[in-house]
Amino acid sequence: MIGLFIGLAILSFFPFYFSMSSGSAEPVSGDGQRLDFHKLENIIRLAESKGKPGPDDVKAPAFTLKATNGAYYSIGGKREKPLVIHFWASWCEACSVEVPMIRKLYEQYKNQVDFFGINVFTEEKPENMEKFIQDNRLSYPILLDEHKHAADLYQLHALPTVFLIDKNGFVLDTFHMIDPLELQEKVGRLAGQ
């Protein structure tokens, strides 16, 4: 009986693994182009040098998603404020650890930086997502990536993942679970641009 339970648990993991590791080769109509691994290396180099993007650096892929409040939000291109994008899911334990810090930074920098939570909805139960939002008192927009379009465009391979995007639409940094002080420093630097 225990073997059957373990086997079912392992099998239930495979759909998420394949949904996160494979993706459509075509972005949603009107959306941006996907990031590739070479572009991710440029992002890391730029973040480490604390420099400004140049002509060969990475534009944030464009997409539009519906939020839990029913409004549609677009990412990509120039905007009035820089942007923090936080990909998460309610079942992700690391997301539960990171989201209180993201919420705190939102409260501190919401006048200088836009924040969007992106729920990777393909393996999500709506009631669990709503409970996560309420339990963590998230007041910034939560976008629903119901068909994994944004996750595919951003080559998402782990949760949680954060992207920092400047006002001109360039990706300045990306990371998974970093030290809270380092996260504070990175978002503070983004807010100062």
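In this predicted model, Gly117 has a relative accessibility of 0% and therefore counts as buried, the cut-off for buried being under 20%. Gly117 belongs to strand β4, which covers residues 114-120. Ile85 is 32 residues away from Gly117 in sequence, yet the C-alpha atoms of the two lie 5.9 Å apart in space. With neighbours within four places in sequence left aside, Gly117 contacts His86, Trp88, Tyr140, Pro141, Ile142 and Leu143.

The next feature is a helix pair. Two packed helices are described by the angle between their axes and by the distance between the axes. For α3 and α6, the angle is about 30° and the axes are 11 Å apart. The two helices are therefore roughly parallel to each other, as angles under 35 degrees count as such. The crossing of α3 and α6 is right-handed.

| Helix | Range | Residues in the contact |
|---|---|---|
| α3 | residues 93-109 | Met101, Ile102, Leu105, Gln108 and Tyr109 |
| α6 | residues 180-191 | Pro180, Leu183, Gln184, Val187, Gly188 and Ala191 |

By class, the contact of α3 with α6 holds eight nonpolar residues, three polar residues and no charged ones.

The largest nonpolar core has 52 residues, and Phe63, Ile85, Phe87, Phe115 and Tyr154 have the most contacts inside it. Helix α3 supplies the largest share of this core, with seven residues.

Definitions and conventions:
Residues numbered from 1 in each chain as written. Predicted model: local features only at pLDDT ≥ 70, side-chain atom pairs only at ≥ 80, totals over all residues. Heavy atoms only, no water. Helix = DSSP H or I, 4+ residues; strand = E, 2+ residues; numbered from the N terminus. Buried < 20%, exposed > 50% of the residue type's maximum accessible area, 1.4 Å probe, protein only. Contact = heavy atoms within 4.5 Å. Axes fitted to C-alpha atoms, helices over the stretch in contact; angles between N-to-C directions. Parallel < 35°, antiparallel > 145°, perpendicular 65-115°, else oblique. Left-handed = near helix turned anticlockwise from the far one by under 90°. Nonpolar A, V, L, I, M, F, W, Y, C, P; charged D, E, K, R; others polar. Core = buried A, V, L, I, M, F, W, Y, C linked by side-chain atoms within 4.5 Å.
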